[in-house]
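Visitor: Could you show me how to read a protein model, one feature at a time?
Guide: Gladly, let us look together.

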Amino acid sequence: MLSLSASNAMSIVATAAALSLPISFCRSSKLSTKKGVRGFRVFAVLGEESGVDKKNAWSSLFDVEDPRPKNPKLEGKVLKAAQALEVARFDIQYCDWRARQDVLTIMLLHEKVVEVLNPLAREYKSIGTMKKELAELQEELGQAHKEVHISEARVSSALDKLAFMEELVNDKLLQDRNTTDAEQASPSPSTSTQSLDAVKRRRSRKRLDVSGPVQKYHPRLKNFWYPVAFSTNLKDDTMVPIDCFEEPWVLFRGKDGKPGCVQNTCAHRACPLDLGTVKDGRITCPYHGWEYSTDGKCEKMPSTKLRNVKIKSLPCFEQDGMLWIWPGDDPPSATIPSLQPPEGFLVHAELVIELPVEHGLLLDNLLDLAHAPFTHTSTFAKGWSVPSFVKFLTPASGLQGYWDPYPIDMEFRPPCMVLSTIGISKPGKLEGQSTKQCSTHLHQLHVCLPSSRHKTRLLYRMSLDFAPVLKHIPFMHVLWRHFAEQVLNEDLRLVLGQQERMNCGENVWSCPVTYDKLGVRYRLWREAVEQGIKQLPFTTKSV
């Protein structure tokens, strides 16, 4: 028998679930959908009757128009792209309406339970009558809950359809780009038939071309805010030397405590400034004692007359426990991306590791989870089974999504950051079908700063929403670093091998498949930046 408190909790949860259905990424692990390139399955929704009385205090929340009269009329056995989109849109509208009807049914039944248990009813109803009515209501509630689960499965199926359609859009983007490349290389009208056939074959290929020695970075790639160091690593009397886009820089704090970034080369005799010291907000060259402020101006020249000398400096700001620079020639954007861990997470480790690989190859690796059960067999993926199918599900216009069947959310955040949240039950184990189903989580931030064409400065931040006591255990940071380096070393030997092959002319993206979606989007985004496209793909940012 349902108690009042249980009924209230159930109705609140059910209401929240219904209102979140149109934008939720929750899915059922037991449902499978058969998808084909040429068509989609459509829900059999005609003929259902809700029969729900909406005259209720909650009716305004559930007053959604029945979409069934607008069921799209389809012609032919094969759906065209526009028809498929219309069907998918109708499925989502119907699922939203149906779910709201199911939850409203539960709420009305809840009101009936309250009415039956009303103390006034006991004056004219026997205990036997009340038990019978409650038993009937409990049966009706059970049936209503089944309907809610069916609605959840319908939403899952509809989202799978949309995800599949989005995969087709991805392929179309690649095909269109390669078609454009082929058209630019099209032969003149006098070209032989054999050459025309070759062009047609090139047009049919859908692939990225990331091959040959790493070229000099395009200047447009510099026009972003880049996180280059953690705030905790920069004290008032210390400095942090970095390389960024093959230029040496050094970070230090001025008299006001604010960070600055100047060229790591003295204007006098080209001595590296990071070999010197920082005192009173100035960095001192160890060769002849010239002193520079955070804006690059030389404030002191011992043993000679002070001249108007200035070295190059970059815009530098501190936010979210990180130091950011703008290495490009364009004016800096007014906003810096937030890299704060999600609410409820506590930072446990911040590591900086220099790696001998090009930053794009490292990003490719971090944006790919399908390799884990094959590569990381000695670390976090030890004991993982190999899924029959791995998918990365994502909105059509985004650079984020979640992995199926792993409870891991992931996002590429331009220009060089990867954020991921992993649902875990205990170290090295996965739990549930989505991060929302997991009770504890690990959040990771990877920043891949392009130091040079063959070197990446990796900033790694790890946060947990459990076990805060770990933060206070002595030398715990040494253990975290050991684990991180173990995982990186498993990847590094493979990525170094890729880099060697790429430098010899091999294409490291010759045959992308379904689970490569996020990596492909990163490459398309990067190409668009380098080509100067105003509206960047998969983002709302214009340049």
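Visitor: Which residue is the bridge partner of C261 in β9?
Guide: Strands (E, at least two residues) and helices (H or I, at least four) are DSSP runs, numbered from the N terminus. The partner of C261 is L314. This is a predicted model, where local features need pLDDT of at least 70, side-chain atom pairs count only at pLDDT 80 or more, and totals for chains, interfaces and linings use all residues. Residues are numbered from 1 along each chain as its sequence is written, and side-chain values use heavy atoms, with hydrogens and water left out.

Visitor: How many bridges join β4 to β9?
Guide: Two strands pair if DSSP finds at least two bridges between them. Antiparallel strands β4 (residues 259-263) and β9 are joined by 2 bridges. They belong to an open sheet of 4 strands, in the order β2-β3-β4-β9. At its edges lie β2 (239-244) and β9 (313-314), each pairing on one side only.

Visitor: Why does the span of α8 agree with its number of residues?
Guide: The expected span is 1.5 Å times one less than the number of residues. Helix α8 (residues 476-503) has 28 residues, so it should span 40 Å, and its end C-alpha atoms are 39 Å apart, which agrees.

Visitor: Which residues of α8 are buried?
Guide: Buried means under 20% relative accessible area, with a 1.4 Å probe and protein chains only. Among them in α8 are W480, L488 and L492. The buried residues of α8 pack against β12 (346-355), α6 (359-366), α7 (372-375) and β18 (455-464).

Note on methods: Buried < 20%, exposed > 50% of the residue type's maximum accessible area, 1.4 Å probe, protein only. Contact = heavy atoms within 4.5 Å.
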